[in-house]
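User: I am new to this structure and would like to learn how to read its features step by step. Could you take me through a few of them, giving the general idea before each case?

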Amino acid sequence: NIFYKYAEEARSKVIAKGIVNYRKNKTIEKTLELVEIIKSSVGANYFYKKHPEREIFQAIRIEVNSELKAIEVALPEAIKRLKVGGRICVITFHSLEDRLVKNIFKKYSETNEIFKGLPDKDIPLEYRPLIKLVNKKPILPSEQELKENSRSKSAKLRVIERI
């Protein structure tokens, strides 16, 4: 489930089954062992085309560190503590993180459904948006930045301002 949910890996069940079968005989002690298990589970052709081990290791890291839960808890708290005019900038490197950040920003930047369409002055303060989106779309790395830092390829920057 972790591989499917966090790595969005199509062959997650096959990989998980391969790991379970391997661990019946021996514990996995090295990362290269896990890479070989993944490779033997999905086949060399798929392995070299897609390199699923990258996403699998990422999925394990996300689960072990509770990274998405940390975002779910910390970001709304940061928004509430931010002073008017203050900004929060979030850089994400994974689609799951980005979707989560985008949805949290969306939630706090919209007027409560009950009051949609009313002028701001007629909406009670507790139902008004707490933030505004500084940029509607995420800011992506420039060609220059990609040349200087290839790891920035998946980076997305989202910025909000407290209102």
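**Reading helix packing and buried residues**

Analyst: Let us begin with a pair of helices: H2 and H3 pack at an angle of about 125°, and their axes lie 9 Å apart. This is a predicted model, in which local features need pLDDT of at least 70 and side-chain atom pairs count only at pLDDT 80 or more, while totals for chains, interfaces and linings use all residues. Residues are numbered from 1 along each chain as its sequence is written, and side-chain values use heavy atoms, with hydrogens and water left out.

User: Is the crossing of H2 and H3 left-handed or right-handed, and which residues make the contact?

Analyst: A crossing is left-handed if the near helix is turned anticlockwise from the far one by less than a right angle, and right-handed if clockwise; H2 and H3 cross in the right-handed way. Contact means heavy atoms within 4.5 Å, and here Val14, Ile15, Gly18, Ile19 and Tyr22 of H2 meet Glu33, Leu34, Ile37, Ile38, Ser41 and Val42 of H3. To sort such residues, Ala, Val, Leu, Ile, Met, Phe, Trp, Tyr, Cys and Pro count as nonpolar, Asp, Glu, Lys and Arg as charged, and the others, Gly among them, as polar. The contact of H2 with H3 divides into eight nonpolar residues, two polar and one charged.

User: How would I read H3 by itself, and what are its span and its buried residues?

Analyst: The expected span of a helix is 1.5 Å times one less than its number of residues. H3 covers residues 31-42, 12 residues in total, and reaches 17 Å from its first C-alpha to its last, close to the 16 Å expected. Buried means under 20% relative accessible area, exposed over 50%, and partly exposed in between (1.4 Å probe, protein chains only). In H3 the buried residues are Glu33, Leu34, Val35, Ile37, Ile38, Ser41 and Val42, and they pack against H2 (12-25), H4 (44-50) and H5 (52-65). After H3 comes Gly43, whose phi is positive, near 90°.

User: How do H3 and H5 pack?

Analyst: The angle between H3 and H5 is about 125°, with their axes 10 Å apart, and the two helices are therefore oblique to each other. H3 passes H5 in a right-handed crossing. Their contact is made by Thr31, Leu34, Val35, Ile38 and Val42 of H3 and by Pro52, Glu53, Ile56, Phe57 and Ile60 of H5; these residues divide into eight nonpolar, one polar and one charged.

User: Which helices are roughly parallel to each other?

Analyst: H6 and H7 pack at an angle of about 25°, with their axes 10 Å apart, and are therefore roughly parallel to each other. H6 passes H7 in a right-handed crossing. Among the residues that meet are Leu68, Leu75 and Ile79 in H6 and Leu96, Leu100 and Phe105 in H7, and the contact as a whole divides into 11 nonpolar, no polar and four charged. The buried residues of H6 are Glu67, Leu68, Leu75, Pro76 and Ile79.

User: Where do Ser109, Ser152 and Ser66 lie, and is each buried, exposed or partly exposed?

Analyst: Ser109 is in H7 (residues 95-109) and is buried, with a relative accessible area of 18%. Ser109 and Pro129 are 20 residues apart in sequence and 4.8 Å apart in space, C-alpha to C-alpha. Ser152 is in the loop between H8 (143-148) and S3 (156-162) and is buried at 4% relative accessible area; leaving aside neighbours within four places in sequence, Ser152 is in contact with Pro141, Glu145 and Leu146. Ser66, in the loop between H5 and H6, counts as partly exposed at 40% relative accessibility, and its phi is near 50°, a positive value in a residue other than glycine.

Note on methods. Helix = DSSP H or I, 4+ residues; strand = E, 2+ residues; numbered from the N terminus. Axes fitted to C-alpha atoms, helices over the stretch in contact; angles between N-to-C directions. Parallel < 35°, antiparallel > 145°, perpendicular 65-115°, else oblique.
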